[in-house]
Amino acid sequence: MNVCSYFCKKCNSKFPITDQRYKCECGNSLELKFYPIFDTDKITSRKPNMWRYREAIPIIEDRNIISFDEGFTPLLDVEFNNIKVKIKQDQLFPSGSYKDRGASVLVSKIKELGITEVIEDSSGNAGNAIAAYCAKSNIKCEILVPESTSPGKLKQIQSYSATLTKIPGTRQDTAKEALKKAENIYYASHTWNPFFIHGTKTYAFEITEQLNWTAPDTVILPVGNGTILLGAYIGFNELYAAGITDKIPKIIGIQATNCAPLYNAFFEEQKTITPTLILPTIAEGIAISEPVRGLEIIEAIKNTNGTIICVNEDEIKSSHEKIQNKGYCIEPTSAATTAGIAKYTEQLAEDEVIVSIFTGHGLKAM
């Protein structure tokens, strides 16, 4: 394992990995220059959690790892239009969403940097994840959320003894307020901070191992801020570069019609992401009008010959009911993904190994 530096694609700046920063001095988001190692014999001999890929996760010292033994969730077949799609059960994570992948790595890095207080903004799930891992590591934590966030998620955040601050207005208003506070407190952002995304990439590692070290043909993922999509893209690229797999799967992003800036930018070939008016949607987790890493998301989808699919509120609600009637307790944002899977499989022309995800537990939004 070798973590060299932060780097910025926009201005080519580099910064030491020991810096307490989340963005470039030019204002752009940062990425990590990182060289993972995959020793499959060592990996398979370890406990079944995401830290079995230790040499592919950019934390320097083991003593700084903050973990609930999260990861290695089941990969189950769920049928759509008579086609079996393999879905990762990430709603079963300790705080109830896949965001625990990113939180485990980011909070471990925060501990490694000696930081004792952080802020984060979230529509709910990321806030819960950061709050839970900060609670375990005794790091003081304030979570900013839109005042319209599901009550269940708010109570969960408070249960971890985090300071909960409700912000009037949109999800973007919440992000803007967090950026102001980040001038004085370390920003544990799941969107800006690259360590979070180097946690979500373990989704790709686990899928590949569960498929006997082969990559699927297609991955269908929800996309708002893009943390699971970008993580999957990084993860599959790292596996391919290491010679573990022989391909990078096609990535399909799913957006809600009532908030689809990436869909518009993708098909209109926009050079920048135009902020979108957010209409009411039950898929609150992907209702992001101005994603920080929007251009990175579109680049990842294009590089894999993927596309973006939009689903409307009726399609999301119908899919939510169908999935829960099969015994899976998922939140509405997860149902946006399943509605997208249904659309994709309707027009499937050939056999594909398709993998997707249940992102969040239904008890969060009953």
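Tutor: Let's start with the naming: helices (H or I, at least four residues) and strands (E, at least two) are DSSP runs, numbered from the N terminus. Residues are numbered from 1 along each chain as its sequence is written. You're looking at a predicted model, where local features need pLDDT of at least 70, side-chain atom pairs count only at pLDDT 80 or more, and totals for chains, interfaces and linings use all residues, while side-chain values use heavy atoms, with hydrogens and water left out.

Now, the pocket. On a 1 Å grid over the protein atoms alone, a pocket is an open set of points where a 1.4 Å probe fits, with protein on both sides within 12 Å along at least five of seven lines; lining residues have an atom within 4 Å of a point. The second largest pocket has about 530 Å³ of volume, that is, the space filled by probe spheres set on the points, which are joined across faces, edges and corners.

Its lining has 24 residues, and E31, L32, H198, I234 and E238 sit nearest the centre. At least two lining residues come from each of β3 (31-35), α6 (194-200), α8 (227-241) and α10, where α10 covers 294-303. The largest share is from α8, with six residues. By type, the lining splits into 14 nonpolar, three polar and seven charged; Ala, Val, Leu, Ile, Met, Phe, Trp, Tyr, Cys and Pro count as nonpolar, Asp, Glu, Lys and Arg as charged, and the others, Gly among them, as polar.

For context, the largest pocket holds about 660 Å³, and α10 supplies at least two residues of that lining too.
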